[in-house]
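Open the model in a viewer and follow the stops below in order. Each stop says what to select and what is there.

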Amino acid sequence: MPLDRPVRYQVLNRKGEVALGQTVDMSSTGLLFTTDKPLDLGRGIELLISWPASLDDGTRLKLVAKGSVVRNAPGMSAVRIGQYEFRTMKASAAF
């Protein structure tokens, strides 16, 4: 399903390499998002996605997902999601 949300991602086992992108589409097992450079296939990755829904009291949510890079296209990478959870975002948090 199409999903246009900010995403912050970090390749696991690489300290300090956090980058920003935009989701393109998402399914129950995968995510396609924009990247500045191709990501290594098979590499573990953690994604933080600003979620469009919020809790009843207005608290914003983020989706935290971990998986591995399975495909690259010009300016985009696809990840197979292995695990995920929703977390609350601080009011001052921004992507």
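**Strands and barrel**

Select strand β1 (residues 6-11) and strand β4 (residues 44-54): the two run antiparallel and are joined by 5 bridges. Strands here are DSSP runs of E with at least two residues, numbered from the N terminus, and two strands pair if DSSP finds at least two bridges between them. This is a predicted model, in which local features need pLDDT of at least 70, side-chain atom pairs count only at pLDDT 80 or more, and totals for chains, interfaces and linings use all residues. Residues are numbered from 1 along each chain as its sequence is written, and side-chain values use heavy atoms, leaving out hydrogens and water.

Within this pair, pick Gln10, which stands opposite Glu46 in β4. Now show the whole barrel: 6 strands close it in the order β1-β2-β3-β6-β5-β4, with antiparallel pairing. From one strand to the next the twist averages 45°, an angle between N-to-C directions of axes, which are lines fitted to C-alpha atoms, on a scale from 0 to 180 degrees.

**From β4 to β5**

Lys66 lies in strand β5 (residues 60-73) and Glu46 in strand β4, so the contact ties together parts that are 20 residues apart in sequence. Glu46 is buried at 19% relative accessible area, whereas Lys66 is partly exposed at 33% (buried is under 20%, exposed over 50%, partly exposed in between, with a 1.4 Å probe and protein chains only).

**The other salt bridges**

The whole structure holds 3 salt bridges. Select Arg43 and Asp40, whose side chains meet in one of them at 3.6 Å, N to O. Arg43 is partly exposed at 27%, and so is Asp40 at 39%. Next take Glu85 and Arg87, which meet at 2.7 Å, N to O. Glu85 is partly exposed, at 38%, and Arg87 is also partly exposed, at 38%.

**An aromatic pair**

Which aromatic pairs are there to select? A search of the whole structure finds 2, and one of them is Trp51 with Phe86: the ring centres are 5.1 Å apart and the planes at 70°, so this pair is edge-to-face. Rings of Phe, Tyr and Trp (its six-membered ring) pair if their centres lie within 6.5 Å; planes under 30 degrees apart count as stacked, over 60 as edge-to-face and the rest as tilted. Trp51 lies in strand β4 and Phe86 in strand β6 (residues 76-88), so the pair ties together parts 35 residues apart in sequence. Trp51 is partly exposed at 22%, as is Phe86 at 42%.

How values were computed: Helices (H or I, at least four residues) and strands (E, at least two) are DSSP runs, numbered from the N terminus. A salt bridge is a side-chain nitrogen of Lys or Arg within 4 Å of a carboxyl oxygen of Asp or Glu.
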